[in-house]
Amino acid sequence: MAQATHAAFNAPVDDADIDEMPAGARIFTGGGAPDIRISIHRDLADAEREWRAFEQTADCTVFQSYEWLSAWQRNIGARTGVVPAIVMGRDGGGALLFIAPLAIEPRGFVRELTWLGSDLCDYNSPLLAPEFSRLIGAARFMPVWREIVTTLGRDPVLRHDVVRFTKMPAKIGSQDNPFLALGAGTHPSGAYLTKLAGDWETFYNEKRSGPTRRRDRTKRKKLGEFGEVRFVNPQAGEIGSTLETLFVQKAASFAHMGVANLFAKPGHSEFYREIAADPAMREMVHISRLDVGDVQAAINLGLIFHGCYYHVLASYDAGEVSKYGPGAAHLHDLMAYAIEKKCNVFDFTIGDERYKRDWSDTELTLFDHVSAATLRGWPVVLMSSGFSKLKRFIKQTPVLWDAFQKARAFAASLKPKS
């Protein structure tokens, strides 16, 4: 079992408390902070039982679920030298108040404190107990954070040069995200969601004008000229092959845009294969297709969690059927499916694509925090801050962003085909 580092502050200090704590732990009694005990775990399995139970009632997103992050660590984090640092905060009676799934990630000559699985999480945040804001809140979180940093620093494996927390929402459920109290700038991309209600036809008619609905019907009729149009939820035996087709379609799209292939990165395709095939995640991971005749015209990997459908990965066939919007037709079927499954929110997740804006009724601003923990980390922070501001400026200026995308795609077209 991996070592867990413990600390407590503003807790009654007696011999029994000290005897229960491992060597190297200490009691913190200053600063007027609430009575909270901190433990930090380097092995996710040590926290699994409590984490799984806590996520059922905590305010969080699917990207903070134990299933998602443990699969990420097995397939990606362990390959790239990432060390988990799972922070668990409890009240004086031992009840969990929050879990912060953090990690130490090597980046060149520095080590960064990040959110575990940050690269594949569209939202990064802690899991918060429903009463967290009443008992602590964002304003009173800073003494807690200082003790977390101190506790991390006492473990040579968890020491770090840079703190990099990206893609943080302002709210976690209805509660303020306490990590924004560290100071944060706006992330270059936003996220979008829409509330679901009633039945699909009612929702669709409210969201789309008459002319738009007529265009949608015309395109779907055109798709039907290539063969029967069917929304398919593949059986277990078909999920693997469907996912492989998604990889191929998505890789072609990345190449066309001049973007690095996500699935060529170490462990990434293995990660998606695992979560799609894991029976324990069958209720969470939703693989679907829009078949047009014999063609898998559009494919999606979505996630369902706490009444929300997360639209995570989508692809489409680039052949003749692509002229008639199979991706849009599939999206309609997905929203109808989410309504059927009693989801109350359809989350398009991060990214500023136009179709997300067209459907959404809520735009989420996401935030980043980057700071130096050592002198070695300062040059990284300064460069990172400048790059982030430039990236956001380009992405939020339509003319510049359009020009950048066209230039990137043109550069990709000049590369020799492998």
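## Exercises on a predicted model

Of the 418 residues of the chain, 47% count as buried, where buried means under 20% relative accessible area, exposed over 50% and partly exposed in between, with a 1.4 Å probe and protein chains only. This is a predicted model, in which local features need pLDDT of at least 70 and side-chain atom pairs count only at pLDDT 80 or more, while totals for chains, interfaces and linings use all residues. Residues are numbered from 1 along each chain as its sequence is written, and side-chain values use heavy atoms, with hydrogens and water left out.

### Exercise 1: Get your bearings

How many helices and strands does the chain have?

**Solution.** 
- Step 1: Count the elements, and you get 13 helices and 19 strands. Helices (H or I, at least four residues) and strands (E, at least two) are DSSP runs, numbered from the N terminus.
- Step 2: Turn to contacts, meaning heavy atoms within 4.5 Å. Among those in the chain between residues at least 6 apart in sequence, 72% join residues at least 24 apart.

### Exercise 2: Find the cores

Which residues have the most contacts inside the largest nonpolar core?

**Solution.** 
- Step 1: Know what to look for: a nonpolar core is a set of buried Ala, Val, Leu, Ile, Met, Phe, Trp, Tyr and Cys residues joined through side-chain atoms within 4.5 Å.
- Step 2: Pick out W51, W68, F271, Y272 and L303, which have the most contacts inside the largest core, a set of 53 residues.
- Step 3: Look at helix α3 (residues 66–77), which gives the most to this core, with six residues.
- Step 4: Spot another core lying apart from it, with 28 residues, among them I40, I104, V144 and F165.
- Step 5: Go back to Y272 and list its partners, leaving aside neighbours within four places in sequence: W68, L120, L243, F247, L262, F263, L301 and L313.

### Exercise 3: Cross α3 with α9

At what angle do the axes of α3 and helix α9 (residues 268–277) cross?

**Solution.** 
- Step 1: Take the axes, which are lines fitted to C-alpha atoms, for helices over the stretch in contact, with angles running from 0 to 180 degrees between N-to-C directions. Those of α3 and α9 come within 9 Å and cross at roughly 140°.
- Step 2: Name the arrangement. Angles under 35 degrees count as roughly parallel, over 145 as roughly antiparallel, 65 to 115 as roughly perpendicular and the rest as oblique. So α3 and α9 are oblique to each other.
- Step 3: List who meets whom: W68, A71, W72, R74, N75 and I76 of α3, with H268, E270, F271, Y272, E274 and I275 of α9.
- Step 4: Sort the residues of this contact of α3 with α9 into seven nonpolar, two polar and three charged. Here Ala, Val, Leu, Ile, Met, Phe, Trp, Tyr, Cys and Pro count as nonpolar, Asp, Glu, Lys and Arg as charged, and the others, Gly among them, as polar.

### Exercise 4: Look along β8

Where is T166?

**Solution.** 
- Step 1: Find T166 in strand β8 (residues 162–169).
- Step 2: Check its burial: T166 is buried, with a relative accessible area of 16%.
- Step 3: Find its contacts, leaving aside neighbours within four places in sequence: W115, S118, N124, F367 and D368.
- Step 4: Move to K167, which also lies in strand β8. K167 has a positive phi of about 55° although it is not a glycine, and at 11% relative accessibility K167 counts as buried.
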